[in-house]
Structures are given as C-alpha cells and as structure tokens.
Amino acid sequence: GVGRSPLPDHGSMLRRASRPLSRAASRRRLYATAPPLPEWETLGFNATPTARMIRYNWSAERGWDAGESSPEFTVTIHGLSNVLHYGQGLFEGLKAFHCKDGLVRVFNSHANAARLQSGAERLAMPVVPPELFDEAVDRCIRDNVEYVPPYGYGGAMYLRPFLFGHGEKLGLGAAPHYSFCVIASPVGAYYKGGLEPIDALVVEGFDRAAPRGVGNIKAAGNYAPDVLPSILAKEKGYPVCLYLDAATQTYVEEFSTSNFIGVTAEGTVVTPTSPSILPSCTKGVVLETARRLGMRVEERPVSFDEVGGLKEVAACGTAVVLTPISSVTRGGTVHSYAGFDTIATLYNAITSVQQGEANDALGITRVVAERPHDPPCRDAEAAAA
C-alpha cells in the first residue's frame with residue numbers, strides 16, 4: 001500500500017468549519033490578495049478565480065504528505081515530467097452546493113474517489129485513498145467557501161481534482177514524484193431558463209477510444225483527440241459529438257464529454273455498456289433515481305440502429321446532469337426527438353437533491369461546511385420555509 005502521514009480528525013474539522021461565520025470574519029480567512037467575489041447572476045460555466053488551491057505530494061520514500069492550502073495556482077514541474085511526455089495524468093470533476101438550509105454539501109464524491117483510484121491503478125500511479133480524496137475536496141471547499149454561489153442562483157462550486165506524475169524522467173516508467181491537487185471554480189446555472197435541447201453529430205473518421213485501451217478511465221490524454229472533431233462539428237452547427245465503437249462503428253459509445261442516455265417508446269431508460277466507455281459518476285445517480293421513480297432501467301450494448309426508435313435522448317455528465325438531445329445526425333440521416341419529459345423528470349429530481357430541496361434518499365451528499373444566507377438568497381422566503 002501507499003503510505004502517508006496520519007489524517008486529521010475530520011469530525012473536529014467539520015465542527016470548526018460548520019460554525020457560522022460573519023461575512024467579515026469569513027473574508028479575514030482569505031488572503032488580502034484573494035480575487036473578488038464574482039457577480040452571481042452572470043456566472044457561466046467558465047473558470048473563475050478563487051482564493052486557494054490544495055496540493056498533496058507523493059514520493060516513494062514518504063508516500064503522501066499532509067498537503068497544503070496555497071494561494072498559488074501555478075504548478076512548476078521539470079520539463080521531462082511524465083505528464084508532459086507520456087500523458088501520465090488523471091482528473092475528476094464534481095460539485096458542491098449551497099443548499100436551502102444554509103449548509104454546503106458536496107455531491108457524490110465517493111464515486112469520483114473510486115473512479116480516480118481505478119484510473120491510478122491502470123496508469124501505474126500511486127492511489128489516492130478515499131479518505132485523502134475527501135479531505136482534499138473538503139479543504140478546497142472550506143478554504144474557498146465564500147466563492148460557493150449562494151442558494152437561489154442555481155450555481156455551484158465546480159471542483160477539479162487532478163493527479164499527475166512529474167520529476168526528471170527520460171525513459172518510460174514510474175515518475176519519481178506525483179502530486180494530487182484540487183482547484184475550485186464557481187459556476188452558474190447551465191440552463192438559465194429551463195432545459196434546452198441541442199443537436200448531436202455522429203463522428204466519422206475519428207474514434208474516441210480503442211478496445212482494451214483507456215477509454216474507461218478519466219485520463220487527461222483521452223480528451224485532446226476530441227478537440228479537433230468538436231471544432232469541426234461546431235463549425236457545422238452541432239454543439240456535441242457522438243462516438244460509436246471503434247471496432248465496428250455499429251454500437252453507441254458516448255458523447256465527447258458525457259455518457260449517452262436514451263428513453264424507449266415504452267419508457268425504459270437505456271444506457272450503453274462497453275469496456276471503453278468512461279463510467280459517468282452522474283449516470284450512476286441518474287439510473288438509481290430512475291429506478292426509485294419506478295422506471296425500468298437497462299444497461300446493455302445499444303446498437304446505433306436503435307437510436308432512431310428512441311423517444312428521448314440525453315447527454316449525462318457533471319456539468320449539467322442531463323442535456324436533452326433534439327437530434328442525432330449521421331451522414332445524411334437525421335433522427336429527431338420531439339420531447340424530453342422523462343429526462344426533465346430525472347433532471348428535476350436530481351437537482352432538487354443537489355440544492356437541498358429534496359431528501360437525499362441515495363445518501364450521496366455530504367455536509368462540508370455551513371454558510372448562512374448572507375447576503376440573503378434571491379429565494380430567501382423559500383429557504384426559510
């Protein structure tokens with residue numbers, strides 16, 4: 001196993017972090033040079049500066065260290081680092097929410113911790129233990145708690161954990177050093193006025209991931225090959241790409257950065273299975289929510305021939321939970337979808353849990369801090385109800 005320094009008492013940390021802070025006291029916790037708070041109403045899904053980054057370092061001699069919280073977001077590494085030459089890097093994406101009751105909760109972090117562990121094992125990197133993952137995420141949230149968009153604005157704090165190998169290394173092999181970091185950025189509501197369907201284009205001439213490759217882990221190198229196909233698709237008016245299996249081009253795999261969800265004419269929720277599909281953490285929540293709502297769920301290979309007969313299609317991921325797809329185009333054939341009632345039902349059920357407006361029946365949220373409604377949220381009356 002990979003050793004590290006003893007972990008702090010999370011219970012006492014949470015008790016300290018959960019004490020209500022005045023706005024002035026909260027500001028004093030940040031450095032005087034911390035970026036100003038953004039305008040919550042205008043936030044989009046873009047990088048917005050925050051106060052602190054969390055970083056843990058690993059070496060073969062000492063394992064993981066105790067980590068540090070720093071106002072410095074620049075990472076300096078040797079030019080011969082593994083991550084630069086051999087792509088030995090992983091990342092995750094998850095969110096924390098300021099909820100109706102004034103508590104800040106992180107959503108579904110255990111699934112991200114498990115996925116990062118799977119990726120580290122595949123790329124021969126030191127595993128980040130789940131307790132260390134949670135500690136880093138929680139520290140990042142608490143040290144940037146003022147940047148969590150207040151309840152009522154529909155926003156969230158997006159968290160980007162990442163793991164990479166670095167240090168002087170010429171030949172292929174284990175890196176001498178590894179770092180695990182977490183950066184936070186407040187993001188706005190992806191849909192300002194309700195769910196908005198988009199058009200998808202099936203990618204021809206490019207593959208996302210090969211059989212027995214690394215498509216099933218969140219390796220940084222998996223995403224660079226999609227930059228060009230995505231640019232070409234957008235030039236044609238398609239916001240998102242859909243990839244088919246590399247071996248036969250007959251089975252649905254996934255969208256550029258999201259998993260595929262379909263709803264049959266009978267109301268069954270279907271999603272493709274394949275060794276080269278990245279298991280979306282959000283998709284797991286969507287499928288369990290569907291089951292709890294009494295929907296039939298099927299996880300199985302999905303032939304592209306089935307796509308035209310589906311009643312609804314959606315892209316599923318952390319950024320937006322579910323994005324309805326209005327059409328899927330392949331060559332000269334266009335499959336259109338008139339509505340997304342089932343997708344909207346699932347979306348509303350999950351976002352209500354994220355915002356603390358509904359019971360967390362799946363046990364997938366965790367309280368990290370308390371932030372009183374100061375300034376009062378736009379929906380203050382609802383928050384007090």
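Author: Let's start with L163: beyond its neighbours within four places in sequence, L163 is in contact (heavy atoms within 4.5 Å) with W64, Q88, G89, L90, L116, A120, M125, P126, V128, S179 and F180. The model is predicted, with local features needing pLDDT of at least 70 and side-chain atom pairs pLDDT 80 or more, while totals for chains, interfaces and linings use all residues. Residues are numbered from 1 along each chain as its sequence is written, and side-chain values use heavy atoms, leaving out hydrogens and water.

Reader: Which residues touch the most other members of the largest nonpolar core?

Author: A nonpolar core is a set of buried Ala, Val, Leu, Ile, Met, Phe, Trp, Tyr and Cys residues joined through side-chain atoms within 4.5 Å, where buried means under 20% relative accessible area with a 1.4 Å probe, protein chains only. Here the largest core has 41 residues, and L90, I141, L159, L163 and F180 touch the most other members.

Reader: Which element gives the largest share of this core?

Author: Helices are DSSP runs of H or I with at least four residues, numbered from the N terminus. In this core, α5 gives the largest share, 6 residues. A second, separate core of 26 residues includes C99, C316, I343 and Y347.

Conventions. Buried < 20%, exposed > 50% of the residue type's maximum accessible area, 1.4 Å probe, protein only. Helix = DSSP H or I, 4+ residues; strand = E, 2+ residues; numbered from the N terminus.
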